[in-house]
Structure formats: C-alpha cells, structure tokens
Amino acid sequence: MEIRIEKTQTPKTKPGKGADLPFGHIFTDHMFIMDYDDGQGWHDARIVPFGPISMHPGSTILHYGAGAFEGLKAYRKADGTCQLFRPSENAKRMEKSVDRLCLPHIDAATVLEAIETFVTFEQDWVPSDPGTSLYIRPFEFGCDEPIGLHGIKKAKFMIITCPVGNYYKEGLKPVKIAIEEHDVRAIRGGTGDCKVGGNYAASNRAEHVAEENGFTQVLWLDGVHQKYIEEVGSMNVMFKINGEVITPKLTGSVLPGITRKSAIEFLTSKGYKVTERLISAEEVVDAVKNGTLEEAWGTGTAAVVSPIGVLHYEGVDYKINNNEIGEVCHTLYEGLTGIQWGRTEDTFGWTVPIKKN
Ligand code: COI
C-alpha cells in the first residue's frame, strides 16, 4: 500500500511521566485515512494531521449506523521499544465486522499493514508509565450521500490513537456490575458477535441507568430468554466456580474478544480447567449463595483483566470474593500484562515488535 504522509506543523506536547491519561481523551498528532468508492476501490491512503473530517450530512453512518471498529494497544517495554498484542486477530475481526454490515470489504492484511505503519509513525506517543499504553482505534464507516436504503458504495477507513491509562477509574480494584433485566444488547443473527457501533448504541440506556445507580457497567443477558449471561459493556466475563473457570460460549451474540481468547489459552496453559458453555444468571447467583462462586472478572482490550466485586441482580447486591481480587484473576492479569509490556517472555508468539523510526 502506498501511503502519503503529511506531517503536522503544530505538534502537541506529549503527556509527560506521571500525567493523567483518562481513557480516550487525548489524541496523537496524526490520523490514518483511506477512501473507498465503487469506481476506484480503496485509494488515497494517507497519514495526515489529526483533526475534524468533513462529511456529507446524508452519509450512511449518520443515519443507519453503518460503521465497524476495532480496539487494540501498543505497549512500551522497559528497553524503550514498542510492541503490539495480537494485531492480526483485530484485523481479522474487522474484516468480519465490515462484511457483516456489507460495508466495502477490507482485507485483514490491509488493516494490519495500516495499523503497523501508522503505529510505527506515531510510536513516540506510546507512553511509558506502568499500566499505560497507546490505544489504537481502527474504524470503517459508510459515506454514501443519498439517504435511501441501498448498498454502500462509498466509505472511509481510519485509525486514530490515544495514550491511555486505566479504562475504569477503579483500576485493578473490583468493579460493581448490574445484571440487566430489561434491555438486551444483541440477538443471534444480529450483530452481537461483531464490533459495530449499533451494539454499543443499544447498550447506552441500560449503561446510563446502571451508572446513575452506582454501578460501573451492566452484564448483558441473552436476547431470547433473558436468562444466559453474555458479556459486560466493554468486556467478556469469566467466573470461577468450584475450581473451574467458566465463560459464556460464543453463541453468535457474544463478542469473540481477543483478550477473552488469550485468557482461555493462557489459563489452559497454566493447567486451569476452562469451560465455554451457557451459564445463567440464576446459576451464578446460586453459586454465590452456596459459596462455590470463588471469583469473577472481565476481559477486554480497554479493560484488560478487571475483577468483579459485586454483582447486582433482582434488587440484591451479591458480594464476590469479599470484594477483593482473586488468585486466578491476579495470575491472569500478571500473565497477560507481563507479555503485553514485555516483562515476561512471550511463549505464545502473540506480540509483534514495532520497528524504531
Ligand atoms: C475495547 O476494549 O477495545 C473496546 O472497544 C471497548 C470499548 C467500549 C472501549
């Protein structure tokens, strides 16, 4: 891919050591853009100064939500070099998400090349404080102007990046999660297993109510029976019951999280029994009541590995592991973050080094 580069003439001051990096608030100096139209296909790949883009008010994304995105991170190692974590998994999922929405197809290989090239260019923005990283947000959206419903013939693919700290203000302290009993996020056959904006738009109301009531996020139940646990707003979920780690299976309405997949592979390699199956809210609550629910946590790129200290269901707060981080959650956190930040050897082959400029 040929990429035109236009450097900013007004570089921003990068956040220094110890700076507060609230998730998604600070943007780097540049962004990646590439256009699509039916005649030319993908063209005019460019890295340009970060800033507003101009859009026709009829653009498909604005009316019909035709947009898909990804989230991954670049990490700075102690030796000063940077690396990505499983970027080809994000690229593959992006390809699947855009195909599901019938957005112009983009190959995983093209997405990967764009991510690697852009992060190499912007690598001075990867922060170095413990627990910080550069969050990378690739996205594609439909730009057709006629507002009738029709196939999408114009689109943009972009990447923006943000130096970030913790996603949750709680950091590694356990979060409070409410099981959502009314709204549903997704149903099988819909787009729940893709990373598309509509899933998050459908989640907004319940997330807002939960926050108003003092919870960090909601835990979604399946859209058919409103019985089986699916995922939390920004992460997949895992429970340790009677020594066994259980995570909702990928039924078609659950996001196939890359941190989820890595957690399963990591824990299995350490000898833990990990089972992917249907698990109901009732089963989890019963396990709390009979003392067999030992731990619960979420996994996600933004959230990393986040212990769950309280689950709220049918008006009752259920405390998990005395609202403390459990042993398996801690092992998983240390294991994955150790590989991501290069503190421990990557025996899985998950990391991809970024070449120095
Ligand atoms: C991510 O973890 O990368 C996500 O996209 C979740 C988002 C809600 C921040």
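Helix α7 is largely enclosed by the rest of the structure, because ten of its 14 residues are buried. Here buried means under 20% relative accessible area, with exposed over 50% and partly exposed in between (1.4 Å probe, protein chains only). The model is predicted: local features need pLDDT of at least 70, side-chain atom pairs count only at pLDDT 80 or more, and totals for chains, interfaces and linings use all residues. Residues are numbered from 1 along each chain as its sequence is written, and side-chain values use heavy atoms, with hydrogens and water left out.

**Exercise 1.** Find which residues of α7 are buried, and compare the helix's reach with the expected one.

*Solution.* Helices (H or I, at least four residues) and strands (E, at least two) are DSSP runs, numbered from the N terminus. Next, list the buried residues: Val328, Cys329, Leu332, Tyr333, Gly335, Leu336, Thr337, Gly338, Ile339 and Gln340. Then take the length. The expected span of a helix is 1.5 Å times one less than its number of residues. Finally, look past the end, where Gly342 has a positive phi, near 75°.

**Exercise 2.** Work out how strand β15 is paired, and whether it is enclosed or open.

*Solution.* Two strands pair if DSSP finds at least two bridges between them. On one count, β12 (residues 236–241) and β15 are antiparallel partners over six bridges, with Met238 opposite Trp297 of β15. On another, β15 and β16 (residues 304–313) run antiparallel and share four bridges, and Gly300 faces Val304 in β16. Three residues separate β15 from β16 in a hairpin. Last, check burial: seven of the eight residues of β15 (residues 293–300) are buried, so this strand is largely enclosed by the rest of the structure.

**Exercise 3.** Locate the largest cavity and explain why it lies between the domains.

*Solution.* First, the search. On a 1 Å grid over the protein atoms alone, a cavity is a set of points where a 1.4 Å probe fits but cannot get out, while a pocket is an open set with protein on both sides within 12 Å along at least five of seven lines; lining residues have an atom within 4 Å of a point. Grid points are joined across faces, edges and corners, and a volume is the space filled by probe spheres set on the points. Four cavities of 30 Å³ or more turn up in the whole structure, and the largest holds about 50 Å³. Second, the lining: its residues include Leu72, Ile258 and Gln340. Strand β5 contributes the most, three residues. Third, the domains, whose bounds come from an automatic or database domain assignment: domain 1 (4–164) and domain 2 (175–340) both supply lining residues, so the largest cavity lies between them.

**Exercise 4.** Describe the largest pocket: what is its volume, and which element gives the largest share of its lining?

*Solution.* Begin with the volume, about 780 Å³. Of its 40 lining residues, Tyr167, Tyr168, Gln217, Ser234 and Ala302 lie nearest the centre. Helix α4 gives the largest share, five residues. Each of domain 1 and domain 2 gives at least three residues to this lining.
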